[in-house]
Amino acid sequence: MSRFSLAPRVRYLLDRARRLDVASVMERAREASSQHGKAVPLVVVDMLWSAGRHNVGFQDYIDYDFAILSKAERDTYMTHPVSNQISQQYDHPDYRHLFHDKAEFNVRFDALLKREWMLIVDGNADELRAFTERQGTIVVKETHGQAGTGVHRYHAADVTDWDAFHAELLSKKQVLVEEVIRQHADLAAVCPGTVNTTRVTAFFDGEKTHILAMAQKFGRGAVSDQMSFGGFYTMLDEDGHSVGSGYDSHGHVHVTHPDSGFPIADFRLPMIDEVKAFVDQAARVVPQVQYVGWDIVVTPDGPVLVEGNWGAGVYENKPSVTGIRTGHKPRYQAAIGF
């Protein structure tokens, strides 16, 4: 970690110490103990040591089955504390608002959205009506929502009073209105009721865009594919192939999609070369924010951009599900140099 500033790590550790939830730690330790046959006290000690000494978040420890991994195997995994350090170091604070505010993001990245959108403001109920009736169904978002919060789907046929509908959305701060994305048939075959996004974590070094990890998220028919909506993910290899079954952070494993029955390990992301080129294009729009988790959707006409996350988060292999006992950290180290 020699290339990272010490201050963000110290602040992160102090914040974690202040917010330490002993009951939550014990719950996670019991979960790991039950799954892997390790004594709870040993797991607790290992979790605390891993967090303080090796930058491993408590949920990382559970999600990536650290209880069964050797030190050498653990060292190959990216974790949220390390990802946070990268974000703080390489995502310029003066430009983060362009990713944090979804309305500002849409303005800056409009050419890559490839769909209609509008903002609800005072006095534009007629514009909202025209937009919604033209689309039939719309997606409405809060401008500062996270993890799928504040995302809703509305149908024009259900609205009887457009002034009241406009006022309601405005009062709830659900002011970003977008056309529904039409996803590629290969994605719809897994879950047709949700637009299934691909998370591509990338680092732009000023000249080249490095693809660090790719994860395919699948929904359960709701407006969002986030875990809070019942969604899950599978990691993809460099060719866009799923490396195994799907899983989430709540202990659920999906060999097949629960609704469609599609075998998750058989999935391959279409247009993978176009996806990589598209991410490179996106990374150059705001080059001051170098480390981003890009959410994209492959449509019949190619990739489109949903959003970019300057706090990229981490998606990794789960050994007990995939049989793969190594992670993506070497790719991060090679690209970023830490």
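Trainee: Among contacts between residues at least 6 apart in sequence, what percentage join residues at least 24 apart?

Mentor: A contact here means heavy atoms within 4.5 Å. In the protein chain, counting contacts between residues at least 6 apart in sequence, 63% join residues at least 24 apart. Keep in mind that this is a predicted model, in which local features need pLDDT of at least 70 and side-chain atom pairs count only at pLDDT 80 or more, while totals for chains, interfaces and linings use all residues. Residues are numbered from 1 along each chain as its sequence is written, and side-chain values use heavy atoms, with hydrogens and water left out.

Trainee: How many helices and strands does the protein chain have?

Mentor: Helices (H or I, at least four residues) and strands (E, at least two) are DSSP runs, numbered from the N terminus. By that reading, the protein chain has 15 helices and 11 strands.

Trainee: What does the radius of gyration tell us about the protein chain?

Mentor: The radius of gyration is taken over C-alpha atoms, and the globule rule is 2.2 Å times the number of residues to the power 0.38. For 338 residues, a compact globule would have a value near 20 Å, and the protein chain, at 21 Å, agrees with this. Along the principal axes, the C-alpha atoms fill a box of roughly 60 × 45 × 40 Å.

Trainee: What percentage of the residues are buried?

Mentor: A residue is buried under 20% relative accessible area, exposed over 50% and partly exposed in between, using a 1.4 Å probe and protein chains only. Buried residues make up 51% of the 338 residues in the protein chain. Alanine 23, found in helix H2 (residues 22-36), counts as exposed because its relative accessibility is 53%.

Trainee: How many salt bridges does a search of the whole structure find?

Mentor: A salt bridge is a side-chain nitrogen of Lys or Arg within 4 Å of a carboxyl oxygen of Asp or Glu. The search of the whole structure finds 15 salt bridges. One of them joins the side chains of aspartate 65 and lysine 318, with N to O at 3.3 Å. This pair links distant parts of the chain, 253 residues apart, with aspartate 65 in the loop between helix H4 (58-63) and helix H5 (71-74), and lysine 318 in the loop between strand S11 (302-309) and helix H14 (319-322).

Trainee: Are aspartate 65 and lysine 318 buried or exposed?

Mentor: Aspartate 65 counts as buried because its relative accessibility is 1%, and lysine 318 is buried too, with a relative accessible area of 7%.

Trainee: Which residue forms a salt bridge with lysine 102?

Mentor: Its partner is glutamate 307, and the closest N and O atoms are 2.7 Å apart. Lysine 102 lies in helix H8 (residues 102-108) and glutamate 307 in strand S11, so the pair ties together parts that are 205 residues apart in sequence. Both lysine 102 and glutamate 307 are buried.
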